[in-house]
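Please view the sequence and the structure together before reading on.

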Amino acid sequence: MNREKFVELLKARKLSEEQISESIETVEKMERYLSEKESCIDTTTTDQVAEYLSELMRKKENTIPNLIALTRIFYIHERNDIYIHFLKVLGGLGVIDNIKRRMIKYAGKEITDEIFDHLEEPPLGTNFKKMPEFTQTLMKRVEEKLPPEQFEHIFAGNNHGLSEEAMKSEKERYEKAESLDVYLKDRHDRKVGELQHHADTGKVWFEQQITQDIVDFVKSNQEILSAVRKDDKLYVTKIPYEAHSYLHAEDERFKRYFACHCPFARESILDGKEVSANWCYCSAGFAKFPFEQILGRELKVKLLESPLKGDMVCRFEIDISKEV
């Protein structure tokens, strides 16, 4: 372990001395495990890490602080492949709890309890291939008990817990722009510039290693990382989750798999037992959130395309004509 750089990072994140000690202990436990496998932080594989996560789950040590500590040590050691793996593991945090809260609010506690009865959310660190089992059962119950308009609205909330505070600068840019169209073009140009910086420096962008072909791909389509307005509708296409692999995939099923962002569903594309595409209204909520913040009102969104129903991209239509 590069202890010096690790502690420096933890202090920069304003962790207490106790939290720093706990983080170091967490990493040392993993190092001992890897040593038994004749491996270490610099040589381990994603398969070994997945095995270790299973061990943590067995011991009920798969806590958020523990996983964040492990994520950070791989970041420090520039093991981008393992760092990205941990980001994927942490990617679904809070989503199910937020959906449940919205369901209670808009459908009632009684029916929410019925839907989630004996339905246990996959523990943190669960093998990705096992995640869709939960989602398939959840969506089957949701579609049986709730009308489409209701569950679409429930799922299309801010279930990823995106920060309203982080959107204040975007709202200011929008308010200063000559028009919404000008703002959308500027937003896209800035996002392309951000990707170019990550491609040039090799720094991980969210859960992706950015290459020049990804930058060029995003640059060619303003719907990606921004939107295109047509009358009173915005059209948004999500950047593929593993964009480099997506761009070079020849098999359509793998292309759909590389497009999908969702840890609760994407593995179902490969086994041919896709989770219902209505689950993607959760992603739709993520897509419309920035525009709700700059416009200052809740917006209605429609799922147009999804890898879960055979399409090559995730694409949404956002109605900006009126409030929901």
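Ile320 counts as buried because its relative accessibility is 13%, where buried means under 20% relative accessible area, exposed over 50% and partly exposed in between (1.4 Å probe, protein chains only). The model is a predicted one, in which local features need pLDDT of at least 70 and side-chain atom pairs count only at pLDDT 80 or more, while totals for chains, interfaces and linings use all residues. Residues are numbered from 1 along each chain as its sequence is written, and side-chain values use heavy atoms, with hydrogens and water left out.

**Surroundings of Ile320**

- Ile320 lies in the segment after strand 4 (315-319), with helices (H or I, at least four residues) and strands (E, at least two) taken as DSSP runs numbered from the N terminus.
- Beyond its neighbours within four places in sequence, Ile320 is in contact with Leu180, Arg229, Asp232, Lys233, Leu234, Leu295, Arg297 and Leu299, contact meaning heavy atoms within 4.5 Å.
- A distance of 9.0 Å separates the C-alpha atoms of Ile320 and Glu298, which are 22 residues apart along the chain.

**Positive phi in loops**

- Most residues other than glycine have a negative phi.
- Lys60, although not a glycine, has a positive phi of about 60°, and its place is in the loop between helix 3 (46-58) and helix 4 (64-76).
- Lys60 counts as exposed because its relative accessibility is 69%.
- Glu78, also a residue other than glycine, has a positive phi near 60° and sits in the loop between helix 4 and helix 5 (80-90).
- Glu78 counts as exposed, given its relative accessibility of 62%.
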